[in-house]
Amino acid sequence: MKKYVAAIDQGTTSTRCIIFDKGGNIVSMGQKEHEQIFPKPGWVEHNPEEIWKYTQEVIAQARIARSISVDDIAAVGITNQRETTVVWNRKSGRPYYNALVWQDTRTSDLVQHYQQIDEDDWFRITTGLPLATYFSALKLRWLLDNVPNLRRDAEKGDALFGNMDTYLIWHLTGGPKGGMHITDVTNASRTQLMNIFMIKWDDQVLERLNIPFQMLPRIMPSSHPYGTVTAEPLRSVVLSGDLGDQQAALVGQACLSPGEAKNTYGTGCFMLMNTGTEVVPSRSGLLTTTAYQFSGEPVHYALEGSVAIAGALVQWLRDNLGIIQQSSDIETLARTVTDNGGVYFVPAFSGLYAPYWKSQARGIMAGLTRYATKAHIARAALEATAFQTKEVLDAMERDSGIQLSSLRVDGGMVVNELLMQFQSDILGVSVIRPKMIETTALGAAYAAGLAVGFWTGQEDIKRNWGMDKKWEPAMPAAERERHYLYWQKAVERSFDWQE
């Protein structure tokens, strides 16, 4: 009898394999961080071969730690950093270039070019996404324009494109020896190449961006028995789940009904609201995206607000400024002061995402005086995540017409209780942390397990969800408004910094 489901969580800073039991509990885990490559200001890359190597290693770690046999594992699912773009050779499996990470801004000139000829917001209406450096399409166009011989091989059908889910699935299922070149509806929706209504690659988008169709993977449901793993660490296990990381967290949080929302606090910060089987175009700077598709069911959609820099700001304070020794130190340091000392930190390192979509914005600190200390900067850095979340939530309520009374949260930063209390204060609603905060990997596991009958239906997922802690707003309304006013003034000063 199969006892477990495995999830491969290929994130921005690390790759993990987590093995879950039927109750949605972690049985075992392996994790390895990969290199962050910064060749130029605004350029962010990963080595795909390093990530594939580490993927195999973390699977082995997770199995060895608890002596888990492949015969014990019912299925495996994948969740991944979305938008990160990789191209590789069909015959050799070798990447043509490093993966361009979702944070990378080298396509700014392409964004400006297409914005000038984007009649009536055509790209957003067709794909659900505004023109921005964030998405895969222009990253792929940059690679085609700048990597020697890539366009030639793409037109011959020898060069394959995908986000990290597609790259790993191809390798897991045989690589050059018949590996499956597929993606799911959620990852496809983040490329800016898919028609959001028709759930297929859009010929007009491909023509406008000059991208060969034969590079693209086949679009599949998020939960479906795709095939069998041939790579050694999971040989013979059914591969049956694939979700972009934020959609996986939505499933892991059991937000399976229209109007339910979650916010994930990781490298970036991402709030999604399930809108059911209806496409809801945004009028407030949000993204219209797919939420998931279970096998045999229609596609479910979501509104999303994406924030580029959240946990990455804490890493920056640690690695670039040396203000803290490890990420967990930030809460201790921030608690040594009672407020931010008038300091506001706008971390627009990669421009501003939702709801502004300003690629030319750059990070600023405002309100500095001789009174300010590194503790005030630490507190302002935490508060920046909460303020950005408020901007997204306000936009989401305007677009959906639904006023949220609570927000489910997950991701690495939710262990920071100072941040969670401030988040509740600045939103004016309850903030709820689940017992299982590894909801991204759990969502991928659910997708895989549902496809093979390990979990019998969505009610199993809802029963597994449980609350760990709840924060209630305690800040007076006048103080909340004052803080938010200063935040908005700081944000305005970050606009159009880059010429």
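Visitor: In which sense do strand E5 and strand E14 pair, and over how many bridges?
Guide: This is a predicted model. In it, strand E5 (residues 73–80) and strand E14 (residues 238–244) are paired in the parallel sense, over five bridges.

Visitor: What stands opposite Thr-79 in E14?
Guide: The residue opposite Thr-79 is Leu-243.

Visitor: Which helices pack on that sheet?
Guide: Helix H9 (residues 245–252) packs on the sheet and touches E5 and E14, with its direction at about 105° to that of E14. H14 packs on the sheet as well, where it touches strand E1 (4–10), strand E2 (14–20), E5, E13 and E14. The direction of H14 makes about 140° with that of E14.

Visitor: And what is the strand order of the sheet?
Guide: The sheet is open and has six strands, in the order E3-E2-E1-E5-E14-E13, with mixed pairing. Its edge strands are strand E3 (26–33) and strand E13 (223–228), each of which pairs on one side only. From one strand to the next, the twist averages 20°.

Visitor: Back to H14 for a moment. Where does Thr-440 lie, and is Thr-440 buried or exposed?
Guide: Thr-440 belongs to helix H14 (residues 439–451). Thr-440 counts as buried because its relative accessibility is 13%, and the cut-off for buried is under 20%.

Visitor: What is Thr-440 in contact with, neighbours within four places in sequence aside?
Guide: Its contacts are Asp-9, Thr-79, Asp-245, Ala-248 and Ala-249.

Visitor: A change of topic: what is the order of the seven-strand sheet?
Guide: This open sheet runs E17-E18-E16-E15-E21-E22-E23, and its pairing is mixed. Strand E17 (287–292) and strand E23 (467–471) are the edge strands, each pairing on one side only. Neighbouring strands here are turned by 30° against each other on average, direction ignored.

Visitor: How do E16 and E18 run, and how many bridges join them?
Guide: Strand E16 (residues 269–276) and strand E18 (residues 300–307) run antiparallel and are joined by seven bridges. Within this pairing, Met-273 has Leu-303 in E18 as its bridge partner. H12 packs on this sheet, touching strand E15 (261–265), E16, E18 and strand E21 (406–410), and its direction makes about 15° with that of E16.

Visitor: What does Tyr-134 touch, leaving aside its neighbours within four places in sequence?
Guide: Its contacts include Arg-82, Trp-102, Phe-270, Tyr-353 and Trp-357. One aromatic cluster is formed by Trp-102, Tyr-134, Phe-135, Phe-270, Tyr-353 and Trp-357. Arg-82 lies over the face of Phe-270, 5.4 Å from the ring centre.

Visitor: Which other charge lies over a ring, and at what distance?
Guide: Lys-358 lies over the face of Phe-495, at 4.8 Å from the ring centre.

Visitor: How many aromatic pairs does a search of the whole structure find?
Guide: The search finds 23 aromatic pairs. One of them is formed by Tyr-344 and Tyr-486, whose rings are stacked at 6.0 Å centre to centre with 20° between the planes. This pair links distant parts of the chain, 142 residues apart: Tyr-344 is in strand E19 (residues 344–346) and Tyr-486 in helix H16 (residues 477–494).

Visitor: Are those two tyrosines buried or exposed?
Guide: Tyr-344 counts as buried, at 5% relative accessibility, whereas Tyr-486 is partly exposed, with a relative accessible area of 39%.

Visitor: One last region. Which residues of helix H10 are buried, and against what do they pack?
Guide: In helix H10 (residues 311–321), the buried residues include Gly-311, Ala-312, Leu-313, Val-314 and Leu-317. The buried residues of H10 pack against H11, E19 and H12. After H10 comes Gly-322, with a positive phi near 70°.

Visitor: And where is Thr-336?
Guide: Thr-336 is in the loop between helix H11 (329–334) and E19. Its relative accessible area is 55%, so Thr-336 is exposed.

Technical notes: Residues numbered from 1 in each chain as written. Predicted model: local features only at pLDDT ≥ 70, side-chain atom pairs only at ≥ 80, totals over all residues. Heavy atoms only, no water. Phe/Tyr/Trp six-rings, centres within 6.5 Å; stacked < 30°, edge-to-face > 60°. Helix = DSSP H or I, 4+ residues; strand = E, 2+ residues; numbered from the N terminus. Buried < 20%, exposed > 50% of the residue type's maximum accessible area, 1.4 Å probe, protein only. Lys NZ or Arg CZ within 6 Å of the ring centre and 35° of its normal. Contact = heavy atoms within 4.5 Å. Pairing = 2+ DSSP bridges. Axes fitted to C-alpha atoms, helices over the stretch in contact; angles between N-to-C directions.
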